[in-house]
Every structure is written in structure tokens, then in C-alpha cells.
Amino acid sequence: MTAPVLAVDDLSVEYPTRRGPARAVREVSFTVSRGETLAIIGESGSGKTTLAVALIGLSRAAHVTSGRILYTAADGSTEDVRTMEPDELRRWRWRECAMVFQAALNSFNPVLTIWDQFLDTARAHGMRDARQVRDRARELLDLVHLDAGRVLRAYPHELSGGMRQRVCIAVALLLRPQLVIFDEPTTALDILTQRAIIDLLRDLRAKLGFATIFISHDLSLAAELADRVLTMYAGRAVERASVSDLFYRPRHPYSVGLLRAVPRVSGALGSVASIPGSPPDLVRLPHGCTYHPRCPLVIDACKREEPALIPVDTPEHDARCIRWKAVAELVGTERRAVAEKLA
Amino acid sequence: MTTAGPAGARLDAQTFPYGRYRTAGRWLGRTWRSPAMRALTKAVLTIWITTTLTFGLIRLMPGSPVDIKIEELTRDGAMTYEEARGMVGALIAIDLDAPVHEQYLSFLEHLARGDLGASFLSSGTSVSSIILAVLPWTILAVGVGTFLSFIVGVLIGLVAAYRRGGWFDNLFVTGSSIVSSIQPYLLAVMIIVVFGVQLRWLPVAQMRGATTPGIAPGFTLEFIGDVLYHASLPILMFFLVHIGHWVLSMKSATLGSLEEDYVAAARARGLSDARITTAYVGRNAILPLVQQLAIAAGFIVGGSILIETLLVYPGVGYRLDRAIAQRDYPVMQGILLVITASVVVANLVADLVYSKIDPRIGRPGGASG
Amino acid sequence: MTAAAAGIGAARALPGWVESTVDFLRLLSRRPVGLLGLAGIVFFILFALVVPVFVPVLDATDVTAVYQGPSAAHPLGTDYAGRDVLNQLVHGGREILVTAALTGFLSTLTAVALGAIAATVGGKVDAVIVAVNDVVLTIPHFPVLVVAAALLRPDGVVVLALLLAALTWSALLRQIRAQVLSLRERDYIEAARALDLGLPHIVFREILPNMRSYIVIHFILGVTAAIYLIVGLVVLGLVPLSGKNWAITIYFAVNQGALYFRDSFLSIASPIAMIVLFQLSLVFFVSALEDIFDPRLRRS
């Protein structure tokens, strides 16, 4: 097995606040292999976006306080993103790791045409030949099913939300990166456009073979796209599993809660169950397991000490829960949606 | 739209006069809905109201300037009442014997032809020529002051936003807020008192006027240097008057655009800081300021009555003050009209400029797909 | 909407203005600049309106004591006629303050009345008011004012205030109109209308209290603008007033050449300092008010 494209090791990120540091990401570790899709899921405020922004060294208000972000280039050389010089980091971004933002609608400078923004991106990475950039842009826009001639001349506000998100994806692929981070890429879109974007992503990934980090609060989308899933709660990775293990055999009560909250098409089996309570205050985290105030399986031991991420009964599957066996008993091992089993 | 269908409508509009009225009504309705035409209508309306107001004040008020002038001319028996009346009428290009509404119409007609009448004081000198003589000085002093303050203010504002909370930000932004809260005239008086009189750094008495008396006008280095020497104090004053506004506006606009998602996205795409600062942050931050500059440009023509008078700089504002002191009503009226017109036109231009530099305005948007 | 309505209802149930004043002062105390502004305003009101009651006017001219420096008898020296500068300052603020306050009041009243009418009546009335407002906003205020003052020769506080208010009301109208339009849609206004409480009740009991912040801020800004304009008119010699106010001292200094006289410094700088400091106090206070009432209101 070759080295993973990205290996994140013990990454922590803090925001300074008046009341003290808000620990938005705490000692998160994971790897993304070549061509693989990792989904990072969690409620809003769980630290997903902070993590994504830290990965490409773009945190402004937040500080990365510890950890390593090891990136392995196509030639096999490995480097820590955190120790790169500013200019090296600037060139690394997009050439090696591109990002599609949640706010695709505002990802473009309103006073420049789409073509200008393609060209700006290309020039920043040493592509000087405008004709070459144009050919590449046309090729990519074709790939995302847009009318390249029209889109390149357009200003961002002249395109619909779905079109802009497609353009974002095309720009992300401009420099043939090995890794693309999608931060809630479909949140602002209507359901049909969402569908189309997801299909497009799957298609592109198969054609181009880039690795993906897919950040979402929408588990059904994650289930469609991901190979592996990381669940985050209050800045911690609380569960790491393959997609089928996570969806059919979750071992952390929070993952179970999220899965129960997924609205199902077969609505006969009861309504959506949302997790009671709200995410904790990141400045004053609860003692012990940070999920215990909301956990239905809580015992006294949960309040004393924060559990480590430990291997559970299925292979390559970790959960940060001392009660994982109780969870296993509850949801079993059948290949059936958790929500149905618990309904 | 008529019930008779397209053919009927065409016949209607061409054959019958009322059809034409209806077309005109529709045209007016459409015009009012078009933002450009509405702006133009408002501009014309504003100029018309201002001129009508001054006409009313000058002509109709009891003991009006016209009556006072006639009384002055007849006082020593130098002229008969009729002669004086005729002369005043000729000066302001109004037939005083005509009914008021005809006087008003003829006044408007003269205005439309660009005829602002003649000065009360020196008969034969047209108001237009008086204004044209003082206009260059005002445009030089106020224009240079305004544009310099814009350029410097925008740069300071941009840097202050990038260095938010640093000494540069605190120094210039605090300074700007204080300077922009002080009445410009009082600031100017204090500058003269402190730097001109107490410290004697500025030879304020020597710098009065537009040029040193006796210097030969011409395209010589000496003359140009002298003009700039005399203009430097007014330029400085106008610079100080405006700079605070530009610094504060640019800083807050820059802070706003630094927060925009597209700036973060541009950073993620690996764009250089220089490119992001100019084309992404700066360009978006400066958009509303360019519009404000266009509006400010309209005020250049009016100069400043107070500051030009204080510095004895012979611009439009100074001339207006003289005209008031001398009760030279045609000149007063003419200058006020020119000032109003330039402000109104500048407002129109500002809208136009904005729609040119901001692609989001005035273009069809929101394609679907 | 319902939450907002409930919140406002709850606020009104509290023991009234005492509560809100305490609340306001607590918020203000966290803004040193605003506190400074308020202190300045209080000082100038006392100095210009209350102190003169206890201090006799010293108007005797003394040609032997022109432009004297500070002394025990004359803490700020003497002016061009040998009069005490401090005494001139004490008696020179009332007229400006009263005219400016009256202007602010008239201007606010006009804007609120026309804005409320435009928004509640709508239709052609609204269109006309908005069009007039646009014209008044566009015309260059100071030149128009100067010409109008030169032709009308306003010589009383009330006439001058009316003239100034005619030019300054338009800044607030749009805000008031927009506010009334949006408030009209709110639940509790709907409820009042459903209860058939009548237009005056709706405007004065429901809508206006919700626009306090706009009204107070505009009033203070109106006072500031009025002082600018009054000082401008006085230094051009266009409004005589009583012959005793801070701006007239400046007028004499500039027009009689005392400006260029080295010894005249204190007698010129003192009235300027009074006007500038009063203006700064108003501006500081308003910026704190804007911050407190609604951070989004903050001007750039």
C-alpha cells in the first residue's frame, strides 16, 4: 500500500475568545488514500469547517496549536503543510489541494468575469499562456456540463446557484489536484440541483481519480459518496469507520443519533428523531466524554474521564466510547438502516 | 393595449389624435419606470425648482432686489423711474412691464439659451463671463484638493484596514474622525492663526489671491509656479476637509470586503497577496467610494464660499460672497444656478459611473440553469 | 415576529423610563467616547444656558486694554474692544444653542410628520413627498442657504431656525418612511389595526416609540448640521442676530483683520474651541448612541 495522500495527525485548532480559547478541533487524526473519499460528518459547530480550513493553511482567526498535516505528492515526496513557507504554501494550495466552499454563491469576485477568475488562478500557479488556460477552462466546463463560451464571459451574478457551484468545481480541477475538499457543497442548493451536483461529483471522481474530503451534515449524501466516514463531535473525532460499518453498525451513540435524525423516504417507520440537547460550549467543555450530557446510554464512568478512540468489533473501525458494546447490542450487525432498526 | 388587437391598435394610434395622447401617456409611464429617465427627470426638476425659487425671491418679494436697484438708480435724480426700470430689466434680461408669468417664461427661455443676464454693477459684463473667469481657480484648488484627498485617503484607509488595531490604524483613523468632525471653516481659521500668525510658518498674507499682483500671465515656469504657490493653501484646506471621510469610508469598506467569501476563496486558490489586495479586496471596497467621488466632483464647481473668502482666493465661492455683499443679484442667481446644475449633473454621472464599474448594476442578471 | 412582539410587550410592562434610562446609562458607561460626549453636552448646556443667569454682562469697552493676555481679572484675556473674553464666551453660546436646538426640533418634526404621512397614506401623496425629499437632498445646501439668507435677511432665532430646518429635514425622511413601512407589517401593528385603535393611536403609541433611536440620533445630527450652517452664515455676515455669540466674534476677527494679529490668539481661539468642542461632543455622543441602539446603523 502506498502512502496516503493526506495523513492528519493530532491536529488541534483554537479560536481566541474573550472567555478563553474555544477548542474547535481537538487532536483529530485521519488519513485519505489516493482516490479515496473520506466524509466528515457532524452537526454545525462540530468543527468540520474549521478543520477543513486548517488543512489548507487558511485559518485566520483560528490558530493551529498542534499536530501535523502530512501531504504526499504524486512523486512520493512527503511534506508537512504546517511547516511550509508562505509562498510554498500558496503554490501548494490549489495545485495539490483544491477546495469547494459551502458559500459557492459568494466564492467569486462579483466584479470579475468567470474567465478572469480562471485566469487569475492559473497565473498564480505559473500558467502564463492564456490560450492554454482557455482550452483547459473550456474542457473543464464541458466536463461539468456547462456552456463554456457563455459562462466564461459571464459575471458571477449572471449565473444561477447550481451553475456557480459547477464553475467552482471546474475551477477546483483546473490544476489537476490530487485532493479536493468539498465543504458542504450542496447546502445552499435546491434538492434537484443537489442531486445533479452529487451525480456530477461521482462521475468526475471516477474519471479523474482525485481523492476527496467531503464535509457534510447531510448523512445521506455522505453515504452515497464516501468510502470511509469520520464523525466529529465538539471538535473531536468520535468515530472512524468504513461507510457500511458506520451506517449499519455504528458504535458511538452520537453517530447513532445522527443516523436516526436522517429523514427517510420510506416514511412508514416513524418520524425523524433529532438529538435532544445542543452541542457543548467549546470554551468550557463538559468533564469526561463531551457527549455525555446528551447521551441516552450515559453511565457514571462517562462523566469522569474522556475516553480514547478505541478499536471496536469490526475491522478498521474506532469509536471514542466506553459504552460501544451497549451500542452494538442496540443496533446489532444487520445490513439495515439504523433508524429502521431502532424505530 | 386595445381590445381591437394589434391592427386596430396601430390604426388607432395613427388615425385619431386621442390615440396619440394615449401613446404619450404610455410613453410617460414607461419613462417613469425606467430608472435612467426618472433620474434625468428628477435632475431637471431640481434645477428648475432652485431657479424658480431664486426668481421668486428676487422678483416677487416686497422690497425685492429689483425695486431696490431701481430706487438706487433714481435716488439722485440721475434717471427717471422709467429709464431705471428699463435698465434694470435689460440687466436681468426681463421685461419688467410684462405680467409676472410672462416675465417668468421669458426668464426660463433666456436660461435655456444659456443667457444668465448681466451684472448689476458693471453693465455690459455678462454673468456667464464672470463665472467663466473665476471657475478655473476653483476647479484648480478644490479639484486638486478633492482628488488628492481621495487618493491619499483611500490608500491610508486600505492600509489601516489591513493593519487593524496597529499604531497606523489608531493614529490615522482617530485623526480622521476628529478632523472630519470639525467644521472645515473653523479648521481653516485655526490653521491660519496657528501656522500663519503664531508660528509664522505660512506667509498667509502673501499667499492671498490667485496670483502675485504684477506677474505676467503666460505659459512660463514663473507664472505656473506662482499659481501653484497661491493655490497651495486652498488645496491644503480642501485636502484636509475631505481626507477624513475617505479614510474612514475606505477602511470600513475594506474591512467589509476582507470578510467576503470570495476573498477567502481567492486565498484558497493560491492567488498572490498583491493580486488579492488590488483586484479582490481593493476593487470591491473602492466601488462605492468612486460613486461618492463623482458626487463630490459636483461640489468642486461650487467651491467653498467660506474657505475661499477666508483665504481671499478668487474662485466661484468667493465671487458669490462678493456678489452678495454688492447685492449683485444676477451674479448671485447665475452662480447658484451653475452650482446646483453641476451638483445635479454629478449625481447623474455618479449613477452612470456606478453602473459602468459594477457589473451587477444595469445589466440583465440571474440566468437560470 | 411574534417573539419580537412579545419582547416589546414585555419591555413596556417594566416600570417605564427609569428602567430604560438605567439600562441606557449602563450601556453608555462601557463606551468612554460616548460618555465623554454626554459630559461635553451637559457642560455646554450648563455653560451656555445656566451660567449666564448668574453672570452679569460685561460689555463696557476699554480701548486701553485691547488684546490683553490672561490675567486674574481676565482669565482668557480681552478682545479687540478690551472686553473680557470669558464673559463674552459665557454669554455667546445661548443664541447658537437655542437656534440649533430649535432647528433640530423643527427638522425632526417635519421629517417624522412627512415620513409617517408618506408611508401611511401611500399612493400619489407618497410619490410627491419622496420626490420633494429627493430634490431637497440633492440641492447644495450651503450655497442655497446663503443666497436665501441674503435675500430674506432672517433676523430672528425663529425665522433662522425655520430656514435651516427647511434644508435639513430631508436626511431623516427616508429612514422614517422605511421604518413606518416595515413596522406597518408587524404583528402588533396588525393587531392594533384589527382592534380598530385608529391611526393616531397606531402612529403615536405603536410606531413612534419604536423609532426613538432614529429620532434622537437625527435630532442631534440636526443640531450639529444647524451649528455648521449658523456659523457659516454668521461669519459671512448674513445673519446679524443679537451681536453676541461665538460665531460673531470669529466674524469680527476675520473681517477686521484681528485674525492676523498675534496678540489676538486667545480671543479668536476661545470661541472656536467652544464651537469645535461642542460639535465633537455631539458627534461622539451620537456615535455611541448608534452603537447602542443598533450596531448596524453605524455610519461608515
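User: In this predicted model, how many bridges join β3(A) to strand β8 (residues 211–216) of chain A, and do they run parallel or antiparallel?

Analyst: β3(A) is joined to strand β8 (residues 211–216) of chain A by 5 bridges, and the two run parallel. The model is a predicted one.

User: Which residue in β9(A) is the bridge partner of A:Ile41?

Analyst: The partner of A:Ile41 in β9(A) is A:Thr231. The pairing of β3(A) with strand β9 (residues 228–233) of chain A is likewise in the parallel sense, over 4 bridges.

User: Why is strand β7 (residues 179–183) of chain A described as largely enclosed by the rest of the structure?

Analyst: The reason is the burial count: 5 of the 5 residues of β7(A) are buried, so the strand is largely enclosed by the rest of the structure. Its faces are both covered, by A:Leu179, A:Ile181 and A:Asp183 on one side and by A:Val180 and A:Phe182 on the other.

User: What are the bridge partners of A:Val180 in β7(A)?

Analyst: A:Val180 has A:Ala98 as a bridge partner, and in β8(A) its partner is A:Thr212. Strand β6 (residues 97–100) of chain A pairs with β7(A) in the parallel sense over 4 bridges, while β7(A) and β8(A) pair in the parallel sense over 5 bridges.

User: Which helix belongs to the β-α-β unit that contains β7(A) and β8(A), and is the unit right-handed or left-handed?

Analyst: The helix is α7 (residues 191–208) of chain A, and with β7(A) and β8(A) it makes a right-handed β-α-β unit.

User: How does one read burial in a helix, and which residues of α10(A) are buried?

Analyst: An α-helix has 3.6 residues a turn, so residues three or four places apart point the same way. In α10(A), the buried residues are A:Pro253, A:Tyr254, A:Ser255, A:Val256, A:Gly257, A:Leu258, A:Leu259 and A:Arg260. With 8 of its 8 residues buried, helix α10 (residues 253–260) of chain A is therefore largely enclosed by the rest of the structure.

User: How many residues does chain A give to its contact with chain B?

Analyst: The size of an interface is often given as the accessible area lost when the parts come together. Here the contact is described by residues, 28 from chain A and 24 from chain B. On the side of chain A, the elements that give two or more residues are α2 (86–95), α3 (114–124) and α6 (161–172). Of these, α2(A) gives the most, with 5 residues. By class, this side of chain A has 14 nonpolar, 8 polar and 6 charged residues.

User: How many helices and strands does chain B have, and how many of its residues are in contact with chain C?

Analyst: Chain B has 15 helices and 0 strands, and buried residues make up 37% of its 369 residues. The contact with chain C involves 41 residues of chain B and 33 residues of chain C. Elements of chain B that give two or more residues to this side include α3 (35–60), α10 (221–258) and α15 (329–357). The side of chain B that touches chain C divides into 27 nonpolar, 12 polar and 2 charged residues.

Conventions
Residues are numbered from 1 along each chain as its sequence is written. Chains are lettered from A and ligands numbered from 1 in the order in which they are written. This is a predicted model: local features need pLDDT of at least 70, side-chain atom pairs count only at pLDDT 80 or more; totals for chains, interfaces and linings use all residues. Two strands pair if DSSP finds at least two bridges between them. Two residues are in contact if their C-beta atoms, placed from the backbone, lie within 7 Å. Ala, Val, Leu, Ile, Met, Phe, Trp, Tyr, Cys and Pro count as nonpolar, Asp, Glu, Lys and Arg as charged, and the others, Gly among them, as polar. A residue is buried if 20 or more other C-beta atoms lie within 10 Å of its own, exposed if 12 or fewer, and partly exposed in between; C-beta atoms are placed from the backbone. A crossover is right-handed if, with the strands pointing away from the viewer, the path from the first strand over the helix to the second runs clockwise.
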